[in-house]
Amino acid sequence: MRLSRLPLNTFKEVPAEAEVISHQLMLRAGLIRRLASGLFTWMPLGLRVMRKVETVVREEMDRAGALELLMPAVQPAELWQESGRWDVYGDLLLRIQDRHARDFCFGPTHEEVITDIARRELKSYRQLPVNYYQIQTKFRDEIRPRFGVMRAREFLMKDAYSFHLNQECLERTYRAMADAYARIFSRLELTYRTVDAHGGEIGGARSQEFHVLADSGEDAIAYCDADGYAANLELAPAPRPAAPRPAPGREMTTVETPAKRSIADVCALLKQRPEQCVKTLMVAAEDGGLIALLLRGDHELNTVKAETVPGVKTPLTLASPEEIKAATGCEPGFIGPVGLDMPMAGDYSALALSDFTCGANQIDRHYQGVNWDRDLPTPEGFDLRNVVAGDASPLDGGALSIARGIEVGHIFQLGDKYSHSMSATVLDQQGQQVAPLMGCYGIGVSRIVAAAIEQNHDAKGIIWPAPLSPFQVVLVELNPKAVPEVTEIVADLYAKLVNAGIEVLIDDRDARPGVKFADAELLGIPHRVTVGERGLREGQVEYCERRSGSQDKLAVDDVVSFLRQRINQ
């Protein structure tokens, strides 16, 4: 491809609407263009990258024995009503009507459609297991689309669905899909982690996510390289304190803390550490009242864990300042467990403290030297907090690390959630009608492109992993009008490289060298060969590797063999 034939527009300035690096660079490099909020056109170079992701995904799904099909993007409401999700999926579901006022939706996922296919096509256990997949456009009506294609409303996804007669069979396919996903992300040369996760809106039992590690990731994950443990922060269990609670050493006293509502402000005033404080959070209860959750001052509440506390209303809802004042007679910031007349649950770390500081349930006052069982009863203990770096891994006790991750894949064991609700059955070996068990396996194809950029960039632009780059080599012509030999050498190199199976982009635009070099770095193509008058006088061209920035002088006759070696190493 010649850049002179591609109307490529690149920009030096960072677009005002772009919040993260991938969004900024994809716009600046001309890979995508915004149509409306959360809607993007994939321009030629960007589409080449996404097609490369598709190719790797498709090859590994085929290798794992999955069968490709293509389901409609627009789905009838009746299917979603059968599964029970029409009313519960929420505002993410884009509901539409046809000319006959019949209800449809633009599919955010395809569990209902594939289950309808299964109940029509699968009749006997002899047809199982089967695993269908598609690569298709999805739509989720995000309330606030952001981060470019990372959280767009319309996106490209690979979704697969498997059907099984029993749990053992489902487990085999689930493991096969996990292995296929690992091969996909390894082939794409992405640094990733596989983590235990929740099923979310799709539901089901066991669930794992695949996260590309990047500082800009929306999700926090806890992992231990020593034992291979990894989980979403919301699922990682916090270790219980091993040491017994120290005996009381102080008397409980009241201290003045005027306008000091936060743990940080109280600690600064009293010259103590947050880990010696207990904070009280109030949440809605199922019976309409409130429940107090107690944590150590330096810990954060884990909402998923908190929802497992008996009596806590789901989804977890923090009490408003008005509700807190009505229940306690005091304002938020000064609430504490001493004398608090409501159900309480304490995190294990908070219950291991002695001589701690907490709110006194009086404006501008806190208690110091508080002790469980002496100054107040010890409430029932739970794991309520997020783990922190340095906590022990639940596998062998090695230290946990915390990293940010971008979710690019998710696999589920759905059980019979959809097959049962939609009456999809097959005959088993005894001739009985049974609802097959299902698995569900998704990969965000378009999101992978953005995640790769988040993980691979510098101040100059994108640094593509080799399998994702739109081209492997860019040939840069310098001043070809003044030196016709430049064009001849470039044309000859292009023909030889293409014949060697190498993807080549020629920058033959009528532009200054600085512009061409800057665009080559912005586009992130791994290998750059510059052909100019000065080098040709000595029979040489200049080579530059994008990732390392290393440069070499090459004889013209050695370019093809050199690049083949670099690309194949």
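**Exercise 1.** At roughly what angle do the axes of helix α2 (residues 44-63) and helix α5 (residues 167-187) cross?

*Solution.* The model is predicted; local features need pLDDT of at least 70, side-chain atom pairs count only at pLDDT 80 or more, and totals for chains, interfaces and linings use all residues. Residues are numbered from 1 along each chain as its sequence is written, and side-chain values use heavy atoms, without hydrogens and water.

Step 1. The two axes cross at roughly 150° and come within 9 Å. Axes are lines fitted to C-alpha atoms over the stretch in contact, with angles from 0 to 180 degrees between N-to-C directions.

Step 2. α2 and α5 are therefore roughly antiparallel (over 145 degrees).

Step 3. Residues V56, V57, E59, E60, M61 and R63 of α2 meet M177, A180, Y181, R183, I184 and R187 of α5 (contact: heavy atoms within 4.5 Å). This contact has seven nonpolar, no polar and five charged residues.

**Exercise 2.** Which residues line the largest cavity?

*Solution.* Step 1. A cavity is a set of points on a 1 Å grid over the protein atoms alone where a 1.4 Å probe fits but cannot get out; lining residues have an atom within 4 Å of a point.

Step 2. One cavity of 30 Å³ or more is found in the whole structure. The largest cavity holds about 30 Å³ of space.

Step 3. Its lining consists of A238, P239, R240, P241, D347, Y348, S349, F382 and D383. By class, five are nonpolar, one is polar and three are charged.

Definitions and conventions. On a 1 Å grid over the protein atoms alone, a cavity is a set of points where a 1.4 Å probe fits but cannot get out, and a pocket is an open set with protein on both sides within 12 Å along at least five of seven lines; lining residues have an atom within 4 Å of a point. Grid points are joined across faces, edges and corners, and a volume is the space filled by probe spheres set on the points. Ala, Val, Leu, Ile, Met, Phe, Trp, Tyr, Cys and Pro count as nonpolar, Asp, Glu, Lys and Arg as charged, and the others, Gly among them, as polar. Helices (H or I, at least four residues) and strands (E, at least two) are DSSP runs, numbered from the N terminus. Angles under 35 degrees count as roughly parallel, over 145 as roughly antiparallel, 65 to 115 as roughly perpendicular and the rest as oblique.
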